[in-house]
Amino acid sequence: MLYSTYEQLILAWMAVGIVTFFILLKVTAPYGRHSSSGWGPMISNRLGWILMEVPVMLCLLYFMREASVPLTNYAWMLLALFFFHYLNRTFIFPLRIKTKGKKMPLLIVVSAILFNVVNGSSLGYYFANFASYTSADFMSMHFILGALLFCAGLCINWIYDTRLINMRKESSQQYVIPQGALFNVISCPNLFGEIVEWSGFALMCWNLPALAFLVWTLANLLPRAISHHRWYLQKFEDYPKERKAVIPFII
Ligand SMILES: NC(=O)c1ccc[n+]([C@@H]2O[C@H](COP(=O)([O-])OP(=O)(O)OC[C@H]3O[C@@H](n4cnc5c(N)ncnc54)[C@H](OP(=O)(O)O)[C@@H]3O)[C@@H](O)[C@H]2O)c1
């Protein structure tokens, strides 16, 4: 495929992400605290998470096997960071969550698989056919800033996922008002961390598919955080009113 054709496909995929953002502002994705049985057949929450997330790694691996350009150290570093995140999200996170007996609609799993197949393939195709990174990229400003953001975002995401998982353990299946540190300013620090992380990844990659990946991350996570925040305000009368949803002091 010519790069110009590939570029047009990625731009179209980004446009779909932007439309999805507006849809998700109106229709809350029904999983986790928003799970609902009105969306067709349901499957186990834990299995759902694994099935949803595994395709992105499989697609990347497939395209790596087909690579027509040599993979440089810089490209390997980017791929390693991507896999580092997704090994946690696919296998570790679902095994840690306290979710026994909870279910999610199969529709969510199918739509997330579609999202992950396109994202994994678009990144994989780029690395396999167009990537021309060199060691000089390790000295670039976009790498240094991106690496800082990626590491900070990854830590924030893991720390606050862990705090939420532990809260559930302590309060036996009930939801509680999270308190302390970033929770004092936003309702969803774990989602904030994930946004920071993929912003850093897009900077380090400095390519169109990673930008599309960030657009889709924002399209999924901003509406989800707004829905979580609204849910907290409705569920807990004493929920701190000054908290924002996901971006400190802004949203
Ligand atoms: N890149 C993307 O497009 C994308 C999309 C979606 C999610 N994610 C990532 O996937 C992870 C999970 O997302 P999520 O929206 O499902 O997270 P979440 O609602 O914050 O839930 C995380 C875990 O903590 C539990 N929990 C949340 N709030 C709680 C509270 N107040 N009291 C007790 N337990 C609580 C949840 O239980 P329940 O499940 O029972 O509510 C779940 O097990 C996040 O790290 C997010 O960044 C990424």
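**Note on the nonpolar core, a helix pair and the ligand shell**

1. The largest nonpolar core of this predicted model has 59 residues, and those with the most contacts inside it are Phe192, Phe201, Ala202, Phe213 and Val246. Such a core is a set of buried Ala, Val, Leu, Ile, Met, Phe, Trp, Tyr and Cys residues joined through C-beta atoms within 7 Å, where buried asks for 20 or more other C-beta atoms within 10 Å of a residue's own, C-beta atoms being placed from the backbone. Helix 7 gives the most to this core, with 11 residues.

2. Local features need pLDDT of at least 70 and side-chain atom pairs count only at pLDDT 80 or more, whereas totals for chains, interfaces and linings use all residues. Residues are numbered from 1 along each chain as its sequence is written.

3. Leaving aside neighbours within four places in sequence, alanine 202 is in contact (C-beta atoms within 7 Å) with Ala210, Leu211, Phe213 and Leu214.

4. Around the ligand there are 22 residues (C-beta atom within 6 Å), the closest being Gly32, Leu164, Arg168, Glu194 and Asn220. Helix 5 gives the most to this shell, with 6 residues.

Methods
Helices (H or I, at least four residues) and strands (E, at least two) are DSSP runs, numbered from the N terminus. A residue is buried if 20 or more other C-beta atoms lie within 10 Å of its own, exposed if 12 or fewer, and partly exposed in between; C-beta atoms are placed from the backbone. Two residues are in contact if their C-beta atoms, placed from the backbone, lie within 7 Å.
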